[in-house]
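Q: Could we go through this model together, starting with the rings and then moving on to charges and contacts?

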Amino acid sequence: MDRKNILSGKENKPLVIPATPDLKRLGYGTGVGVFHVDRSPKNGLMSSPWALKKLIRGKNSTVMGQRLRTEADILRKLNHPNIVGFRAFLRTTDGLECLAMEKCHTSLYDLIENRECDSFAPNEIQKVALNVGMALDYIHNEIHLLHGDIKSANILIKGNFDVIKLCDFGVSLPLNADGCLDRETAGKHATYIGTQLWSAPEVSYEKTNALIITDKADVFSFGLTLWEMMSLTSPHMVDLMNETDESFDEIAYEEKLDALIGRYIL
């Protein structure tokens with residue numbers, strides 16, 4: 001039995017997924033695209049659609065491929081109502097690896113971006129806090145896993161906040177029993193990746209070994225995500241970007257962001 005059938009939990013012939021031009025795009029991330037896949041009915045019953053995370057060919061495809069395989073290995077072991085469900089790991093007809101998952105309607109990031117002026121209702125913020133909080137409690141204390149990239153784009157929503165799920169475990173890291181990054185299991189070269197705007201201060205100083213990374217790094221990022229729901233603004237953006245500036249200096253941006261994060265350390 002080959003890897004894709006082991007991961008999908010099936011010993012029979014894997015499902016055939018069309019090439020990218022025939023798929024409806026739902027979103028994208030670093031090195032991957034996310035697509036909608038309709039499945040044919042079985043035994044007269046409708047089959048639920050899948051969200052398909054698929055590699056995009058490019059110079060970083062080897063790294064992204066490893067992250068996708070890591071995510072598939074992790075996701076298939078998780079079983080929690082507030083974590084997106086694993087469905088299969090397979091190849092499309094154009095030969096690219098892809099991860100099939102439970103499909104949700106939208107992401108929290110998209111809801112924030114499409115919000116015009118009013119912040120979310122308190123009960124909506126409370127639902128996100130409780131549901132994602134339960135998912136984090138599960139992965140931190142039962143699975144001993146640091147998500148490593150908590151942000152609004154990695155929180156999926158169904159309906160009117162009826163179902164809330166955490167997704168994207170491609171850069172997750174193991175934790176030890178004390179909730180600290182388990183470097184022995186992760187390997188000496190393992191590093192926190194995340195997304196800088198949402199990252200906890202200590203992860204910026206990881207290479208200097210100045211601070212220990214723990215499960216609190218996820219909690220810090222989650223706090224910023226809830227703040228997003230109230231402010232309708234990505235964290236640190238007001239401090240970083242001059243609204244009258246039409247140019248963008250990436251080096252200056254990174255330097256200023258490091259300085260802002262450093263405030264929390266001193």
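Q: How many aromatic pairs does the count come to?

A: The count comes to one aromatic pair, and please keep in mind that this is a predicted model. The pair is formed by F120 and F161 in an edge-to-face arrangement, with 6.0 Å centre to centre and 85° between the planes.

Q: Why does the F120 and F161 pair tie together parts that are apart in sequence?

A: F120 lies in the loop between α3 (108-114) and α4 (122-141), whereas F161 lies in the loop between β8 (155-158) and β9, so the pair ties together parts that are 41 residues apart in sequence.

Q: Are F120 and F161 buried or exposed?

A: Both F120 and F161 are buried.

Q: And what lies over the face of F120?

A: That is R115, at 4.2 Å from the centre of the F120 ring.

Q: You mentioned β8 and β9; how do they run, parallel or antiparallel?

A: Strands β8 and β9 run antiparallel and are joined by four bridges.

Q: OK, charges now. How many salt bridges does a search of the whole structure find?

A: The search finds six salt bridges, among them one in which the side chains of K53 and E71 meet at 2.9 Å, N to O. This pair links distant parts of the chain, with K53 in strand β3 (residues 50-55) and E71 in helix α2, 18 residues apart.

Q: Which residues are linked with K53 in a network of salt bridges?

A: The network links K53 with E71 and D168. The side chains of K53 and D168 meet in a salt bridge of 3.4 Å, N to O. Here too the pair links distant parts of the chain, since K53 is in strand β3 and D168 is in the loop between β9 (163-166) and β10 (173-174), 115 residues apart.

Q: Why does K53 count as buried?

A: K53 has a relative accessibility of 8%, and therefore counts as buried, the cut-off for that class being under 20%. E71 counts as buried as well, because its relative accessibility is 2%. D168, at 22% relative accessibility, counts as partly exposed.

Q: What salt bridge does R69 form?

A: R69 forms a salt bridge with E97, the closest N and O atoms being 2.6 Å apart. The pair links distant parts of the chain, R69 being in helix α2 and E97 in strand β5 (residues 97-102), 28 residues apart. E97 is buried, with a relative accessible area of 11%.

Q: Staying with arginines, where does R67 lie?

A: R67 lies in helix α2, which covers residues 61-75, and at 26% relative accessibility this residue counts as partly exposed.

Q: What does R67 touch, leaving out residues up to four places away in sequence?

A: On that basis R67 touches G170, V171 and I193. R67 and V171 are 104 residues apart in sequence, yet 6.6 Å apart in space, C-alpha to C-alpha.

Q: Switching topic, where is S221 found, and what does its side chain reach at 2.6 Å?

A: S221 is found in helix α6, and its side chain reaches the backbone oxygen of W198 at 2.6 Å. A polar atom of the S221 side chain also lies 3.1 Å from the backbone oxygen of A217.

Q: Is S221 buried or exposed, and what does it touch?

A: S221 counts as buried, because its relative accessibility is 1%.

Q: Last one: where is T214 found?

A: T214 is found in the loop between α5 (183-186) and α6 (216-231), and at 14% relative accessibility T214 counts as buried. Leaving aside residues up to four places away in sequence, T214 touches L146, L175, G179 and C180.

Terms used:
Residues numbered from 1 in each chain as written. Predicted model: local features only at pLDDT ≥ 70, side-chain atom pairs only at ≥ 80, totals over all residues. Heavy atoms only, no water. Helix = DSSP H or I, 4+ residues; strand = E, 2+ residues; numbered from the N terminus. Buried < 20%, exposed > 50% of the residue type's maximum accessible area, 1.4 Å probe, protein only. Contact = heavy atoms within 4.5 Å. Salt bridge = Lys/Arg side-chain N within 4 Å of Asp/Glu carboxyl O. Phe/Tyr/Trp six-rings, centres within 6.5 Å; stacked < 30°, edge-to-face > 60°. Lys NZ or Arg CZ within 6 Å of the ring centre and 35° of its normal. Pairing = 2+ DSSP bridges. Polar contact = N/O pair within 3.5 Å; in protein donor to acceptor, adjacent residues only side chain to side chain.
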